[in-house]
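Me: Got a two-chain model open and I'd like to walk through it with you. Can you take my questions as they come?

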Amino acid sequence: MTLTLVTGDGGRLSAKEYPEVAESPRFTCALGGAYGAALAVFGAVPILHSGAGCGMANAHGMTYASGLNSGGSAGTTTTPCSGLIEEHVVFGGEDKLRRLIDTTIQLMKGELYVVISGCVPALIGDDVDSVVAEFKDRAPVIHVKTSGFVGNSYLGYNQFLDAVIDGILRPRAVERKLVNLFGVVPNQNIFWKGELRTLKALLEDIGAKVNTVFSDFGALGALERIPAAELNLVFNPWCGLEAAKKLQDRFGTPFEALDFVPQGPRDTGDMLRLVARKLKIPSRKAESYIAAEEKNVYRYMEYLAEMFMISMPHAFNAVVADSRTAISLVRFGSNELGWNPELAIVTDDPPEWAVEGITKKLTEGLEGPGVPRVLFDYDSHTIRQELKAQPLQVILGSSLEKYIAATENEAFHLSVSYPAYDRLIVDRCYAGFRGGLNMLEDMSHSFAGPL
Amino acid sequence: MTSDREETAGNGRINLDDNTCPTREQRANGINAFKGKASELVDKARKGELRNCERDFHQNSGCILNFYLTVRVATIRDAVMIVHAPVGCSAPAALYREVFRRLWTSMNRAADFDFHWLTTNIGEKDVIYGAADKLKFAIDEAVRRHDPQAIFILTSCASGIIGEDVEGVVTEVQPKISASLVPIHCEGIRSRIIQTGYDAFWHGILKYLVKPAKKRRKDMVNVASMLSYTWQDRAELARLLGKVGLVPNFVPEFARVSDFEALSEAAVTAPVCPTYTDYLSRGLEQEHGVPYFLYPSPIGIANTDEWLRTLGRMLGLEDRVEEVIKEERAHWIPKMDAIRAGFEKVKKANGGDYRIMGSLGQGRLVTQTPFFHELGVTTPVALCQDFDDLLLEDVENLLKRVGDFDIVVNTFQAAEVAHTARAYNPDMVLSCPFQGSAYKREKGMTRIHALRGDGRGWSAQAGYAGAVACGSFLLQATRNRSFQNVMLAKTEDPYKDWWYGQPDPYYFHRKEAL
């Protein structure tokens, strides 16, 4: 196992004085993360209390960066925004916000209104909480107190959940076998819609009840139902854990940190076994389902195996992705495809405490002698230098790596992480039993063909 | 020859000793709202009666940094863009390595489309203690990594409110490095009018990059291209200029730093969009004696003729221009005639008329309506993002040519656009591709434009080829509207029904003037 914490030019050359100064980081701001989360709650209307460009920046830099998606029915230019300018900086933006919430409730259909405050109100000291409180008898309105400078979009996801827990959730009777899904971060995880759908289907197939929290219809209901879960599942080594811990403290709901969304039969089967055990679902039921699904998947695998063997067998590969996506891909490549993982560059800037655990997940439990060198970096320049420095045949990364892979590595490239401007992803994903098949469908046509 | 617009508002001297430009509100009475007749708009503008308005309901509309300086400055070759801001402000620029590489090098795309930028990623500590050292570090890092010819420093709401002394950093660091530092004051809070951002950009270009002319290049024409014009539009303008014996100096998209430095050597600055180009054109004339014209833009057949003729007059190439126009017309007019004939059929089936509602920036306001006339269709209302005095003469000319028409100025406000579309109920709505649910319609709807990374001839709009491509595209758009109908029927409208039941798209505007 090798672990290099990259803080500068190539990591080993010099430490950057300001590591956060970076070329095209792999995330947007906390306001963006909260905005993305609010848009992912179908039926919620985000209200940005910010400069007029924050929503547009995060349309082009977040939802479009997430597989060229618009933000849905309340996204892009539809999202209400207070459009603060200098006079609000001088005189305060509270009155502007008050009028905006009032008119939004009048005009826009919504089950829930989510006020997200940005840099300007944070810097001028608007009392947004008080303004939001004025509307408590008119409609469900919550406030995500964030900004652009307080952190990145992963923090914004956590802050959104935090605001939901504080603003909406009340104790509920526990529904047996109900689980909530956390850690699949809207937009930052570009396959989030498909992943939530797939995880829900898988878990329901073994007899669990599933609240995906995001993406389903009946959004306010889904949020309100969170405390009814018997168990919270966090498919992420760090992001979403904070919410799960808070839910445990507040409502006594235990949580299981699953670290990653499983890809392919091996890890999917293991995930289902674990959840079945936790929910006291008879193992016979889970096992028979797993066996049937496995048989099916490998049967289909036979259709594509020959093209796979021609085009990209035992590839030296690199993964450039957020931690949970990187873990799924390294494991699937190493354990099911016979690839040789060379490099795993983790791009979501996980907190210090999570680094060792992520590194272990990326380097232990892998077939074959090789384990990837693990780097933590989000600077697109230094990432490029790292990729350039070694021979690779497959690069699973973002669209930032697309032309670099082709011209500097002669490697096959597929966008699997943020930002992904080179493919349109609605609910396709690589999760679950069939996830590996989906991925191979998206890549094995390259360099392959009959005589 | 110089401009004949001396009496126009906004024509004050550009002061390059200042750190940045005035806002469009200050410089040209820019406004964010109006509805009424174009004649009334002009009249009120002449009397100085137009005012900005405060909207109690306001939607995402873009700021002067993100509409869209980041994604434009990031495409300048041999330069580095530093966005002195929290990490989200530069997020749209994350497409910089990808989108433009879709253009093939066989389409005359330079091979070195390898762009670079950095964010200073302003954080919580920085807003308390300041981030000047971090900005200096970012400049060092840009030099060390890429040895660029220029470094653009874009400011943000956060850097502005915390009072970052960007000029101080530039003064201190510039003597130590060879790259030209170009600060651009585009704090989102500065202005309601996004055009202010472009003025701020040109101010930086004029102040820090354009060099005194070593020679006058009689064949070079500066063209400030727009975000919403495609690769084929550049190719078409280059083709037409080439036939006349001229070469374009396209900025800012995909330009080299040396192209900016040489702006002073050009024979003329020609427009693609008058208000976008205005500040640059004036500045180049004032500082370097480069003449300019602002109208017309080369959109539509007649405007393209006139664009070329104006160049011909200014450069003494009248005869050659007339030859070119004759050749071009012989080639393209039959194709336009066929499109007109197509629209005649559509009109006949539609009860005699076909009404198209266009929208977007000021530049399109003055080019679209005459172009619709060339196609033989009418427009019930022109939607415009903002309006300022810089456009007054153009609109007056337009009134003379096509008569009075309704105009709605609304800075991209989606609910107001949706209301206006319902109220006028045109046969076709042309909308920005990012305009929410505008595609949900019973009648026709299509995109108003494609973008820079689209290399297809299908998406062209400029010059003769663009007029024909765009006319064909619009005719094609009349044929089948199942997508628009299905989406209308099967998905919800974001606004409650009462919105469309009352008559005023400006229902939520504050009545008192600002």
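Me: What kind of model is it?

Reply: It's a predicted model.

Me: OK, start with chain A. How many helices and strands?

Reply: Chain A has 17 helices and 13 strands.

Me: What's its radius of gyration against that of a compact globule?

Reply: Chain A comes out at 22 Å, and a compact globule of 451 residues would be near 22 Å, so the two agree. The C-alpha trace of chain A spans about 70 × 55 × 40 Å along its principal axes. Buried residues account for 60% of the 451 residues.

Me: And how many helices and strands in chain B?

Reply: Chain B has 19 helices and 13 strands. Its radius of gyration is 23 Å, close to the 24 Å from the globule rule for 514 residues, so chain B is as compact as a globular protein of that length. The C-alpha trace of chain B spans about 70 × 60 × 45 Å along the principal axes, and 59% of the 514 residues count as buried.

Me: What about contacts within chain B, what share join residues at least 24 apart?

Reply: Taking contacts between residues at least 6 apart in sequence, 75% in chain B join residues at least 24 apart. The corresponding figure for chain A is 74%.

Me: Switching to the interface. How many residues of each chain are in contact with the other?

Reply: 62 residues of chain A are in contact with 64 residues of chain B. On the chain A side, the elements giving two or more residues are α1 (30-40), α2 (54-63), α3 (86-91), α4 (94-107), α5 (119-124) and α16 (402-409) of chain A. The largest share, nine residues, comes from α2(A).

Me: And by class, what is that side of chain A made of?

Reply: The side of chain A that touches chain B has 32 nonpolar, 22 polar and eight charged residues.

Me: Now sheets. What's the strand order in the four-stranded open sheet of chain B?

Reply: The order is β3-β2-β4-β5 (chain B), with parallel pairing. β3 (116-119) and β5 (180-184) of chain B are at the edges with a single partner strand each, so one side of each has no neighbour in the sheet. Neighbouring strands are turned by 20° against each other on average, ignoring direction.

Me: Which residues pair up there?

Reply: Two examples. β2(B) and β3(B) are parallel over four bridges, and Val80(B) has His116(B) as its bridge partner in β3(B). On another pair, five bridges join β4 (residues 150-154) of chain B to β5(B), and Ile153(B) is partnered by Pro183(B) in β5(B).

Me: Which helices lie on that sheet?

Reply: Among them is helix α5 (residues 132-146) of chain B, which lies across β2 (79-83), β3 and β4 of chain B and runs at about 155° to β2(B). Helix α8 (residues 195-209) of chain B packs on the sheet too, touching β4 and β5 of chain B, with its direction at about 155° to that of β5(B).

Me: What does β11(B) pair with?

Reply: Strand β1 (residues 34-37) of chain B is joined to β11(B) by four bridges and runs antiparallel, with Gly36(B) partnered by Ile407(B). β10(B) also pairs with β11(B), in the parallel sense over four bridges, and there Val381(B) has Asp406(B) as its partner.

Me: Last one: why is α16 of chain B called largely enclosed?

Reply: Because eight of the eleven residues of helix α16 (residues 414-424) of chain B are buried. Among them are Glu416(B), His419(B) and Thr420(B).

Me: And what do those buried residues pack against?

Reply: The buried residues of α16(B) pack against α4 of chain A, together with β9 (356-357), β10 (381-384), β11 (406-409), β12 (428-431) and α19 (498-501) of chain B. After α16(B) comes Asn425(B), with a positive phi near 45°.

How values were computed: Residues numbered from 1 in each chain as written. Chains lettered and ligands numbered in written order. Predicted model: local features only at pLDDT ≥ 70, side-chain atom pairs only at ≥ 80, totals over all residues. Contact = placed C-beta atoms within 7 Å. Nonpolar A, V, L, I, M, F, W, Y, C, P; charged D, E, K, R; others polar. Pairing = 2+ DSSP bridges. Axes fitted to C-alpha atoms, helices over the stretch in contact; angles between N-to-C directions. Buried ≥ 20, exposed ≤ 12 C-beta atoms within 10 Å, placed from the backbone. Rg over C-alpha atoms; globule rule 2.2 N^0.38 Å.
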